[in-house]
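The following note is intended for a colleague who is meeting this structure for the first time. Please read the numbered points with the sequence and the model at hand.

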Amino acid sequence: MEVKVLRLDHRRQRDARITTHVCLTARALGSSGVFLSGDHDKKLIENVNDVVKRWGGEFRVEYHKKWENLLHEWKNSGGEIIHLTMYGEPVQTVTPKIQESLQDKLVVVGGSRVPSKVYQEADWNVSVTTQPHSEVSSLALFLHMLYDGKELELEFEEGDMKIIPSQKGKNVEMSNKRSDNES
């Protein structure tokens, strides 16, 4: 099962930091990519690609101007759409049902206002609490529950850097792949 994230209504001037965090969270917790809609943000995409290059793994950020087309393409290819919202079914109740299907998943996280079409097109409207909070925290909690915590053990191959866990201090292992020009 492949899991990707659709970030709705990205606004380059206002949302760069939060959308970057959506991308980093998606990557770190097992998604294979993020689709951005809203403003095209070349710098954000380059920054996330740089993180992937330095830290490894298979992850892509792609821009889709028309998110509606993406939802239709996703469903037509046999995938399911999961919309994270305050108004859906409780995450703790619905995630086991979502896990039963091995179909690819598109997890939708909102921007300023989520159009009603997203609620209608979603196979699952999932509530990660019924209180306002961040799309980053919603995504993190949902992915953690979807993967039953196994995403915490992911190994990211092909990166230039790798953290070696330690009780105190910072221990970063650098690969020898970097050329003298990159160091």
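A residue is called buried under 20% relative accessible area, exposed over 50%, and partly exposed in between. The model under discussion is a predicted one.

1. The sheet. The structure contains an open sheet of seven strands, in the order E3-E2-E1-E6-E4-E7-E5, with parallel pairing. Strand E3 (60-63) and strand E5 (89-90) stand at the edges, and each has a single partner strand, so one side of each is left without a neighbour in the sheet.

2. Strand E1 and its neighbours. Strand E1 covers residues 3-10, and seven of its eight residues are buried, so the rest of the structure largely encloses this strand. Five bridges connect E1 with strand E6 (residues 105-109), and the two run parallel. Within this pairing, Arg7 has Val109 of E6 as its bridge partner. E1 also pairs in the parallel sense with strand E2 (residues 33-38), again over five bridges. Here Leu6 stands opposite Phe35 of E2.

3. Which elements make a right-handed β-α-β unit? They are E1, helix H1 (residues 12-28) and E2.

4. Helix H1 against helix H6. H1 packs with helix H6 (residues 135-146) at an angle of about 10°, and their axes are 9 Å apart. Angles under 35 degrees count as roughly parallel, so H1 is described as roughly parallel to H6. On the H1 side the contact is made by Ile18, His21, Val22, Thr25 and Ala26, and on the H6 side by Glu135, Val136, Leu139, Ala140 and Leu143.

5. A salt-bridge network. A search of the whole structure finds eleven salt bridges. Salt bridges link Arg7, Arg11, Asp15 and Glu135 in a network.

6. Helix H2 and the pair Arg54-Asp50. Helix H2 lies across E1, E2 and E3, and runs at about 165° to E3. A salt bridge joins Arg54 to Asp50, with the closest N and O atoms 2.9 Å apart. Both residues belong to H2 (residues 42-55); they are four residues apart there, and so are separated by about one helical turn.

7. The surroundings of Arg60. Arg60 forms a salt bridge with Glu62, and the closest N and O atoms are 3.7 Å apart. Arg60 counts as exposed, at 53% relative accessibility, whereas Glu62 counts as partly exposed, at 22%. How far is Arg60 from Asn49 in sequence and in space? The two are eleven residues apart in sequence, with a C-alpha to C-alpha distance of 7.1 Å. Asn49 is found in helix H2 and is partly exposed, with a relative accessible area of 36%.

8. A salt bridge between separate parts of the chain. The side chains of Asp123 and Lys75 meet in a salt bridge, at 3.6 Å from N to O. Asp123 lies in the loop between helix H5 (116-121) and strand E7 (124-127), and Lys75 in helix H3 (residues 67-76), so this pair ties together parts that are 48 residues apart in sequence. Asp123 counts as partly exposed, at 36% relative accessibility, and Lys75 likewise counts as partly exposed, at 31%.

9. Backbone angles to inspect. Thr129 is not a glycine, yet it has a positive phi of about 75°. Thr129 is placed in the loop between E7 and H6, and it counts as partly exposed, at 42% relative accessibility. Asp148, which is not a glycine either, has a positive phi of about 55°. Asp148 is found in the loop between H6 and strand E8 (161-163), and it is exposed, with a relative accessible area of 53%.

Note on methods
Residues numbered from 1 in each chain as written. Predicted model: local features only at pLDDT ≥ 70, side-chain atom pairs only at ≥ 80, totals over all residues. Heavy atoms only, no water. Buried < 20%, exposed > 50% of the residue type's maximum accessible area, 1.4 Å probe, protein only. Pairing = 2+ DSSP bridges. Right-handed = clockwise from strand over helix to strand, strands pointing away. Salt bridge = Lys/Arg side-chain N within 4 Å of Asp/Glu carboxyl O. Axes fitted to C-alpha atoms, helices over the stretch in contact; angles between N-to-C directions. Parallel < 35°, antiparallel > 145°, perpendicular 65-115°, else oblique. Contact = heavy atoms within 4.5 Å.
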